[in-house]
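Subject: Structure handover

Hello,

Here is the structure for you to look through. My notes on it follow below.

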Amino acid sequence: MTTPAPNAGQREVHMSEELAGLTVGLIGAGNISHVHVAAWKALGARIVVYSLEGAEELSKQYGLEVVESLDGCLAEAEFVDIVTPSATHKEITLAAIKAGKNVICEKPLTLTAADSHEVIDAAEAAGIRLYPAHVVRFFPAYKAAWDAIQAGRIGEVAVARFFRQASSPAGAGWYRDVARSGGVIMDLMVHDLDQARWMCGDVTSVYAAQNPPTVDGVSPVNVAAHVTLTHETGAISHCRATWGATGTTFQSGFTVAGSSGVLKFTSAADTGFKEELQDGGAAGDLLIPASTLGESPYLTQLRELAIGLRGGSDPRVLASDGATAVYLAEAARASMESGRTIDMKTFVSTGVTA
Amino acid sequence: MSLKVAIASFAHVHAASYAQLLGSMPDIEVLSADPDGASAPDAGPRGAEFAASLGVPYVDSYDELFDWGPDAVVVTSENAGHRALVERAAAAGVHVLCEKPLATEVADGEAMLAACEAAGTILMIAYPVRFAPSYLQLRAMVQAGRLGDVFAVLGTNNGKIPIDSRQWFTDPKLAGGGALVDHTVHCADLIDGLTGGASATRVYAAANRILHQDKGAEVETGGLVTINYDNGLMATIDCSWSVPDNGPTWGGVSLQVTGTNGSVEIEPFLPHVGGTDASGEVFLPIGGNLDASMVGTFLNAVRQSGPATAGKQPAVVPQPDGAVGLRTLRIVDAARRSAVSGQAVEL
């Protein structure tokens with residue numbers, strides 16, 4: 001593992017010996033591709049990009065090489081970084097596995113746990129490494145809290161709360177179509193479902209409410225989901241995810257209370273940097289968590305995953321974690337639809353996405 | 001005109017604040033009684049000694065207290081004792097400010113409302129956070145439609161376990177439960193005020209006892225309560241006693257309200273001057289004296305309504321009233337049942 005340079009700005013180059021001569025096949029050119037491209041370039045990687053839309057534009061902006069087909073991309077790349085809409089993750093991951101290429105796949109790994117297990121099984125059978133990009137595990141605040149919990153700083157975890165809110169992406173594009181995005185729980189809360197499990201342990205039950213409800217597979221534009229988890233440790237946790245009014249500033253945070261202490265963080269308050277610029281810039285944007293002032297967590301993430309793909313030590317998040325996060329999101333949806341608490345000992349992923 | 005205000009019991013920690021406030025008002029005569037104080041297992045002073053420390057007159061029994069002929073009574077007994085005292089006050093035509101929660105059981109709460117209604121006495125519930133300037137601003141914005149359609153609320157009422165000063169808070173019989181009972185109602189009241197009295201239709205609660213295990217508490221110390229309302233609103237309340245013993249004594253209450261046009265988050269106890277002194281952190285609250293606003297509202301209503309007339313509604317019904325107390329108690333009761341069954345409770 002390389003040691004991240006403390007306080008290094010994102011624009012600096014973080015070339016890493018372990019990643020020398022790397023060619024990444026970027027598949028997809030939407031929202032999240034921009035931060036991945038910036039990170040890969042900072043790591044000194046060559047990027048070939050394939051996308052149904054936007055590849056030329058992305059390529060011009062960052063100086064990438066466009067390839068005209070998925071097969072061409074797979075042939076050219078050492079491994080692929082899949083940043084396409086969620087509903088296409090499974091198919092593209094299976095194609096990469098078939099081509100013998102390792103995979104980094106944006107969260108959610110797939111839209112159902114059954115599909116996640118299918119791609120995991122296929123990867124294992126082919127000897128392929130597959131990592132889900134659950135970037136929140138690489139955000140310094142979340143990692144610091146996890147470390148403190150592991151070190152026993154707050155004793156036994158009792159009650160945890162996580163939240164995540166952003167300007168709704170559901171006004172346009174594919175997010176509002178629950179069959180393609182999974183809705184606000186699968187798309188946004190999946191981060192915190194992973195965090196809740198990471199910090200509080202494996203989940204025994206899931207209760208979920210969403211308002212307004214999804215009707216006929218179409219998510220409301222402005223919507224909030226509240227999910228309560230119980231954990232094997234006896235801890236209880238709550239996740240709130242909100243697609244807010246247009247212009248809502250991205251915010252996330254947590255409070256984790258344990259038997260001997262409490263840990264708290266909110267991205268809006270605890271940055272050590274406040275600005276108020278009267279230049280008419282619009283507040284709020286995408287669903288992409290704002291980066292921290294130090295090294296980009298996306299860079300930290302992609303470096304750790306890439307080193308893992310090259311045979312280094314396992315990263316802090318594995319495909320099984322991605323599959324479990326999806327499984328929890330599915331259970332949340334099942335709870336929402338039935339009004340019942342879902343028992344995770346018996347819950348079976350149905351594979352229905354809408 | 002001077003008002004005679006009785007304080008019935010020092011069991012609740014808030015009695016001290018009310019006694020000091022009432023004692024400092026020039027046109028208020030105060031008399032207190034805490035007959036069960038002597039047998040309480042609390043470390044701190046109760047009864048006559050506590051009254052003396054607060055500088056308020058004291059009598060030994062509730063008989064003497066009500067024989068005094070009070071215009072109003074503040075009921076600050078253990079939760080399970082509210083019903084008997086409120087019914088007694090109603091029978092005597094005495095207006096009531098009752099500490100929250102209204103009661104430990106819904107049937108008790110219903111009986112209390114019926115008694116006060118029959119007697120024509122005021123029944124106001126002591127939910128002071130309703131009087132916070134930040135909350136009033138939020139409510140005005142919601143009412144003016146500034147948030148658009150409000151569809152989700154996340155409330156927290158954390159804070160320390162009150163076991164050190166008053167042990168009955170962790171006695172399942174006297175308190176009616178633990179954190180679910182003590183803390184859910186404050187946020188439920190704030191939500192009630194925002195919605196104009198929406199009723200809960202479904203309540204789910206998860207609770208545990210991991211916090212404060214070392215103190216031998218027989219009740220839940222952590223809880224998360226998710227509520228659906230008949231107006232479509234969804235809310236979750238974290239009612240856990242999750243501020244550690246060495247944590248700050250302030251704060252812990254927040255309400256995050258999301259609408260189609262944006263969101264507002266309030267922390268009513270946050271406004272303060274900070275700093276450091278010889279003993280550590282300095283926290284000088286500047287958010288206003290909420291108890292004073294609440295007690296003032298109650299006393300104004302008592303004055304304007306005059307003596308109770310049986311069967312006649314008081315001229316002024318101060319909010320939050322008994323109906324709010326009952327709606328919030330129903331939520332607590334459903335939360336308790338849900339925490340046991342593991343499933344949501346339909347109301």
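A definition comes first: two strands pair if DSSP finds at least two bridges between them. Helices (H or I, at least four residues) and strands (E, at least two) are DSSP runs, numbered from the N terminus. This is a predicted model, in which local features need pLDDT of at least 70, side-chain atom pairs count only at pLDDT 80 or more, and totals for chains, interfaces and linings use all residues. Residues are numbered from 1 along each chain as its sequence is written, and chains are lettered from A and ligands numbered from 1 in the order in which they are written.

The sheet

Strand β5 of chain A, residues 102-106, is joined to β6(A) by 4 bridges, and the two run parallel. E106(A) has A133(A) as its bridge partner in β6(A). Both strands belong to an open sheet of 6 parallel strands in chain A, ordered β3-β2-β1-β4-β5-β6. Its edge strands, each pairing on one side only, are β3 (65-66) and β6 (130-133) of chain A.

Chain A overall

Chain A has 10 helices and 13 strands. Of its 354 residues, 54% are buried (a residue is buried if 20 or more other C-beta atoms, placed from the backbone, lie within 10 Å of its own).

Helix α9

Helix α9 of chain A covers residues 297-309. In this helix, 12 of the 13 residues are buried, among them Y298(A), L299(A) and L302(A). The buried residues pack against α1 (33-42), β4 (79-82), β5 and β6 of chain A. Just after α9(A), G311(A) has a positive phi of about 100°.

How do α1(A) and α9(A) cross? Their axes (lines fitted to C-alpha atoms over the stretch in contact) come within 9 Å and cross at roughly 60°, an angle taken between N-to-C directions on a scale from 0 to 180 degrees. On the α1(A) side the contact is made by V35(A), H36(A), A39(A), W40(A) and A42(A), and on the α9(A) side by Y298(A), L299(A) and L302(A). Two residues are in contact if their C-beta atoms, placed from the backbone, lie within 7 Å. These residues divide into 7 nonpolar, 1 polar and no charged (nonpolar: Ala, Val, Leu, Ile, Met, Phe, Trp, Tyr, Cys and Pro; charged: Asp, Glu, Lys and Arg; polar: the others, Gly among them).

The two chains

In the interface, 32 residues of chain B are in contact with 30 residues of chain A. The chain B side divides into 12 nonpolar, 18 polar and 2 charged residues.

Regards

Technical notes
Expected span 1.5 Å × (residues − 1).
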